[in-house]
Protein chains: 2
Amino acid sequence: MARAATTSDAFNAVAEPRRRAILSSLALQERPVGEIVDLLGLGQPSVSKHLRVLLEVGLVNVRRDGRRMLYRTNAEALRPLHEWTGTFERFWQHQLSRIKDRAEGKSSPSNDTPADFHPGRKHDLDRNKN
Amino acid sequence: MARAATTSDAFNAVAEPRRRAILSSLALQERPVGEIVDLLGLGQPSVSKHLRVLLEVGLVNVRRDGRRMLYRTNAEALRPLHEWTGTFERFWQHQLSRIKDRAEGKSSPSNDTPADFHPGRKHDLDRNKN
DNA sequence: TTTACATATTCCCATATAGGAATGTAATGT
DNA sequence: ACATTACATTCCTATATGGGAATATGTAAA
């Protein structure tokens with residue numbers, strides 16, 4: 001099998017650095033495609049295609065304004081990522097505090113297994129794949 | 001150009017769901033490969049290859065114990081991911097309060113909320129193979 | 001209508017998968 | 001030495017990708 005589609009979930013979508021750059025540029029304000037092209041110095045078709053991927057996984061929204069399409073980041077779609085990585089937070093905190101604890105003669109605290117990420121609902125975009 | 005290598009960074013490495021499962025299973029304690037194979041029900045070569053990817057981006061560590069290789073998650077390598085997604089946190093918090101405000105009947109002064117537009121409702125996105 | 005502008009889509013293709021089978025390699029046991 | 005255990009690597013292949021050029025689509029202006 002090949003790699004999972006970039007449109008399969010937010011994890012795959014943000015694996016591409018330009019898409020992360022696009023998301024950052026659209027977090028504060030919506031922008032037309034051409035502005036993203038100028039800002040990031042990418043080709044227009046390339047930006048359009050990246051936006052399409054982001055749109056399919058719900059990471060951005062669009063609305064039309066005349067002949068322009070205004071895109072905007074939908075931060076909510078990044079929460080699964082933040083929460084999954086957050087499951088590991090105490091492990092790296094542990095490492096930092098372990099040195100201190102050791103110096104203070106404390107015993108190691110409780111542990112629990114990080115959650116497996118449940119992909120949850122995919123967008124209802126893949127109706128076409130049988 | 002093709003897609004970036006899975007080994008190019010943590011973002012690409014964790015895009016694969018099995019690798020995320022592996023990371024979760026190794027966060028708490030180190031395990032030999034065979035145990036991961038049993039736990040996740042994957043093929044041994046497959047697990048070895050995933051571990052190799054994770055190792056290359058620093059998401060796991062290894063140490064040899066006799067004929068076994070004991071792997072362990074290095075949570076620290078997930079911090080960049082957590083921090084990057086964290087930069088968007090205030091945006092989804094913003095959205096949540098907006099939703100709450102609406103549910104509580106508070107009036108929203110101006111319409112700074114771009115109409116939520118989701119593709120795939122009107123037309124089917126034909127994702128055909130060429 | 002004709003033209004210009006803004007964006008989306010198509011075509012082409014070199015590249016990196018991910019899985020399974022087969023095989024290689026290292027360490028241990030007898 | 002030989003068999004066994006535990007992993008790693010190689011070979012094979014269908015598939016999705018991302019970029020650029022060319023083209024299509026859609027909307028507004030002349």
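Predicted model: local features only at pLDDT ≥ 70, side-chain atom pairs only at ≥ 80, totals over all residues.

Which elements each supply at least two residues of the surface near DNA strand C? I find helix H3 (33-40), H4 and strand S3 (68-73) of chain A, together with H4 of chain B. Helices (H or I, at least four residues) and strands (E, at least two) are DSSP runs, numbered from the N terminus.

Residues are numbered from 1 along each chain as its sequence is written, while chains are lettered from A and ligands numbered from 1 in the order in which they are written.

I get 29 residues around DNA strand C, with Pro32(A), Gly34(A), Pro45(A), Ala2(B) and Thr6(B) the closest; "near" is a C-beta atom, placed from the backbone, within 6 Å. H4(A) gives the most to this surface, 6 residues.

**Strand D.** Here I get 27 residues, and the closest are Ala2(A), Gly43(A), Pro32(B), Gly34(B) and Pro45(B). The largest share, 6 residues, comes from H4(B). Helix H4 (44-56) of chain A is among the elements that each supply at least two residues.

**Val53(A).** I looked this one up in helix H4 of chain A. Val53(A) is partly exposed because 19 other C-beta atoms lie within 10 Å (buried is 20 or more, exposed 12 or fewer, partly exposed in between, with C-beta atoms placed from the backbone). The C-alpha atoms of Val53(A) and Ala75(A) are separated by 15 Å.
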